[in-house]
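Subject: The model we talked about

Hi,

Here is the structure, with the sequence alongside. Have a look at it first, and then read on for what turned up.

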Amino acid sequence: MKLGLRIEVATLRGTRKAVPRITAALKEAQASATFLFSLGPDHTGRALASLPRVPRLRCYGIAALLSGTLLPGANIGRRGAEAMRSVPAEGHEAGILAHDRVRWLKCVAGAGEAWTAAEMRRARERYEEIFGTPALTHGAPGWRMNRYAFRYTQRLGFQHCSDTRGTGPFIPVVRGEIVACPQLPTTLPTLDELLAGGNTPDEAVRRLLDASRDPAPTGHVYALRAEVEGTVFAPALRALLAGWRALGYEVVSLRDYAAGLSLSRLPRRIIAEEFFPATRGIVAMEGKDFLA
């Protein structure tokens, strides 16, 4: 049974400090993952409300919390390129989170096709400048998308994406339009969501492992944030990796998770939207079967 890891890397500090710690933990656990990078300016300070409810100063650092406000937004793709390139060198998958994560979070819901296409193309071009190869996967910040963004996951040639939450892999249908790029939705709650609900780190780990015990035939996808599980809550990540291995899971990148699927047999599901209190925003969700 496979469990895919989806890792959001939102800040320069997360890219340079947390990513190496996470790759070390994955190597120790004989696991792999997909790292989704923010490739342009770090404007974290402009959207503090979008951050998880964790000890933010300890997880994100003062520079990130002030980036884009009292401090200029650091160029993550320029200053963090070496750390980014270390990810595929270690056998993991690298993909796109956004060019400017905060701009995406604030604007995508009401954006039109021109804005959406320009943002996604800009991120793809920056990715190719850094890695020298085309990006094959995309995972929207906070699972926030619009109809055009789904359309461009296909047009830009992504092989698989993780822009949604749901129960298992599917082919998305947006307002009657079938998008020929499979979605690998996040199927488990996140650590920071469980912590925000009043659980201790140990309790959150136990709840996540309990939720993993009886998986669907396609396994699970778990989403983590580099700035959370790669810093203060690194012990929780190591406990999760050990627990999943004890349950018989192979923890893999989304690329390897998708490789075990029969994509032609995936269900076609309507994209729905739902307000998630934990993320304080509208999230793209796997909905009902198309034409059910």
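A quick definition before the tour: a residue counts as buried if its relative accessible area is under 20%, and as exposed if that area is over 50%. Please keep in mind that this is a predicted model.

**The covered strands**

With that cut-off, strand 8 (residues 220-225) comes out as mostly covered, since six of its six residues are buried. In a regular strand, side chains alternate between the two faces of the sheet. In strand 8, His220, Tyr222 and Leu224 are on one side, Val221, Ala223 and Arg225 are on the other, and both faces are covered.

Strand 8 runs parallel to strand 1 (residues 2-9), and six bridges join the two.

**Helix 2**

In helix 2 (residues 56-66), the buried residues include Cys59, Tyr60, Gly61, Ala64 and Leu65. What covers them? Among the elements that do so are helix 1 (12-28), strand 8 and helix 10 (226-229). Just after helix 2 comes Gly68, which takes a positive phi of about 90°.

**The cores**

The largest nonpolar core has 75 residues. Leu5, Phe35, Phe37, Tyr222, Leu241 and Trp244 are the ones with the most contacts inside this core. Which helix gives the most to this core? That is helix 6, with seven residues. A second, separate core has seven residues, including Leu184, Val221, Leu254 and Tyr257.

Setting aside neighbours within four places in sequence, Trp244 is in contact with Leu3, Leu5, Leu188, Leu209, Ser212, Tyr222, Tyr249 and Val251.

**Aromatic rings**

There are five aromatic pairs in the structure. One of them is Trp104 with Trp115, a tilted pair at 6.0 Å centre to centre and with 35° between the planes. Trp104 lies in helix 5 (residues 101-107) and Trp115 in helix 6 (residues 113-131), so the pair ties together parts that are eleven residues apart in sequence. Trp104 and Trp115 are both buried.

Phe35 and Phe37 turn up again here: together with Tyr127 and Phe131, they form one aromatic cluster.

Two arginines also sit over rings. Arg165 lies over the face of Trp143, at 4.4 Å from the ring centre, and Arg155 lies over the face of Tyr152, at 5.1 Å from the ring centre.

Trp143 has a positive phi of about 60°, although it is not a glycine. Trp143 is in the loop between strand 4 (137-138) and helix 7. Is Trp143 buried or exposed? At 2% relative accessibility, Trp143 counts as buried.

Gln30 is another residue other than glycine with a positive phi, near 55°. Gln30 lies in the loop between helix 1 and strand 2, and it is exposed, with a relative accessible area of 62%.

Last stop: four strands form an open sheet of mixed pairing, in the order 7-6-10-11. Strand 7 (177-178) and strand 11 (281-289) stand at the edges with a single partner strand each, so one side of each is left without a neighbour in the sheet. Strand 7 pairs with strand 6 (residues 171-174) in the antiparallel sense, over two bridges, and Glu177 in strand 7 is the bridge partner of Val174. Helix 7 (residues 147-155) lies across strand 6, strand 7, strand 10 (268-276) and strand 11, and runs at about 135° to strand 6.

Cheers

Key:
Residues numbered from 1 in each chain as written. Predicted model: local features only at pLDDT ≥ 70, side-chain atom pairs only at ≥ 80, totals over all residues. Heavy atoms only, no water. Phe/Tyr/Trp six-rings, centres within 6.5 Å; stacked < 30°, edge-to-face > 60°. Buried < 20%, exposed > 50% of the residue type's maximum accessible area, 1.4 Å probe, protein only. Lys NZ or Arg CZ within 6 Å of the ring centre and 35° of its normal. Core = buried A, V, L, I, M, F, W, Y, C linked by side-chain atoms within 4.5 Å. Contact = heavy atoms within 4.5 Å. Pairing = 2+ DSSP bridges. Axes fitted to C-alpha atoms, helices over the stretch in contact; angles between N-to-C directions.
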